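Please load the model in your viewer and keep the selection panel at hand. The tour below moves from the whole chain to a few side chains, saying at each stop what to select.

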Amino acid sequence: MNKVGQFDDPFSLLRQNHGVLDIDDQGDPVKMVLGLKEVRKAAHNWKLFQSGAQPGRIVVPSEVAIRDIRQIPFEVDPPLHKSFRGLLEPWFKRPSSQAYQDKLVEIVDEMLNQLLDGDLNTEKHGYYDGVNDIALVLQSRALSVLLNVPMTEAKTWISWGTHVFRSADNPLDADKANLLYDYLDAQIQMAKSAPSDDIYSALLNAKIDGKALSDEEIKGIMVLTFAGGRDTVINSLTNTLAYFSDNPDALHFIHQHPEYLNTAVEELFRYFSPLTHMGRVATATGEAANQTIPHDSRISLCWASANRDETVFDAPNTLDLTRKANPHVAFGFGVHNCLGATHARALMRIWVKKLAQRVAEIEVVEAKENIETWGNVKRKVGFHTLLVRLTKRS
């Protein structure tokens, strides 16, 4: 199977010729902003393009029909956003510590032991699904470290599948949302009755501007924590397997030149852009990408297009593991840049480092691509299935 790890840029001509893409989202139109400069400018202008709109409206596809819980701090604007961010950042910066990373190393090593020894599932004869057998499991187990809860909880999260908040084929199906809400209600009540050192207990003990958080606010934080870093991390881990299957020399390069590990990981994030875009709602009539944006209409910041902007990146469609200038926006930009970026980066660095150290070759025998459709544009964001076999480095 050739070029399974190739991710093309479907926005190129639109970005160069128009700067925007108009799409319809459940009867609520969205104007996608495509250029890096324009995306950064709009993201910076939070007063005009707000995140604190009706809960669910800035997400594309819109989640207005399936939730009324505000995801925090994702759907909160300054000055309140700063208060929530200040409360949460110390917790979400924990992945920078060596002790935290050591736990991630154990998780990744255990997975690779099973993959390389062929005992993860003997019925598959050494072939495993990179999405469900590998990336979903790694993401869920790593999340237990972030939340500081027993790893046994990961079994529950794995059972939910790759989409934790809504059904994969129907953005209006609220069953998954209700499942998550019920789970979080139970966890919050458990933390009240038996406090521990997990994130639920920490939030119950926290205050914003001298006031304790409500259960609704805690649930909003946790919904974002579960939903925001699930598909994106799963896509990043799976897509990395796909890329290295096409480019075994790249694995060898990182093994021989570990000094490029961080640079390589940032380039993988830029190239894959695991989250295509995120919306905003105009608080007044304004302008973005030389387009008039009416009051209360929606734009989206297309990270995936911005990360291939040929006016910024040399050879933007080439994955260059040694790329020096790399101002990508895979984790967003501005006040709402991804709170979980430190965790995602830590996991990816360990994943790539361990693959380079322990794996000589990744063979893909079956791939079912995950294709998103935005207007007349189709974008490969990852895979529904990626059947792989890993060969040990001698």
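For the charges, Lys and Arg count as positive and Asp and Glu as negative, with His and the chain ends not counted, and each charge is placed at NZ of Lys, CZ of Arg, CG of Asp or CD of Glu. Select those atoms in the protein: the mean positions of the 43 positive and 50 negative charges are 4 Å apart. This is a predicted model, in which local features need pLDDT of at least 70 and side-chain atom pairs count only at pLDDT 80 or more, while totals for chains, interfaces and linings use all residues. Residues are numbered from 1 along each chain as its sequence is written, and side-chain values use heavy atoms, leaving out hydrogens and water.

The C-alpha atoms fill a box of roughly 60 × 60 × 35 Å along the principal axes. Of the 394 residues, 54% count as buried, where buried means under 20% relative accessible area, exposed over 50% and partly exposed in between, with a 1.4 Å probe and protein chains only.

Now select the aromatic rings, among which a search of the whole structure finds 11 aromatic pairs. Rings of Phe, Tyr and Trp (its six-membered ring) pair if their centres lie within 6.5 Å, and planes under 30 degrees apart count as stacked, over 60 as edge-to-face and the rest as tilted. Phe7 and Phe383 form an edge-to-face pair, 6.1 Å centre to centre with 85° between the planes. This pair links distant parts of the chain, 376 residues apart, with Phe7 in the segment before helix 1 (12-17) and Phe383 in strand 12 (residues 377-392). Both Phe7 and Phe383 are buried.

Which kind of pair do the rings of Phe253 and Tyr260 form? Their centres are 5.5 Å apart and their planes at 35°, so the pair is tilted. Phe253 is partly exposed at 25% relative accessibility, and Tyr260 is partly exposed at 30%.

Finally, select His81, which lies in helix 3 (residues 80-92) and counts as buried at 4% relative accessibility. Leaving aside residues up to four places away in sequence, His81 touches Pro73, Val76, Val335 and His336, a contact being heavy atoms within 4.5 Å.

Technical notes:
Helices (H or I, at least four residues) and strands (E, at least two) are DSSP runs, numbered from the N terminus.
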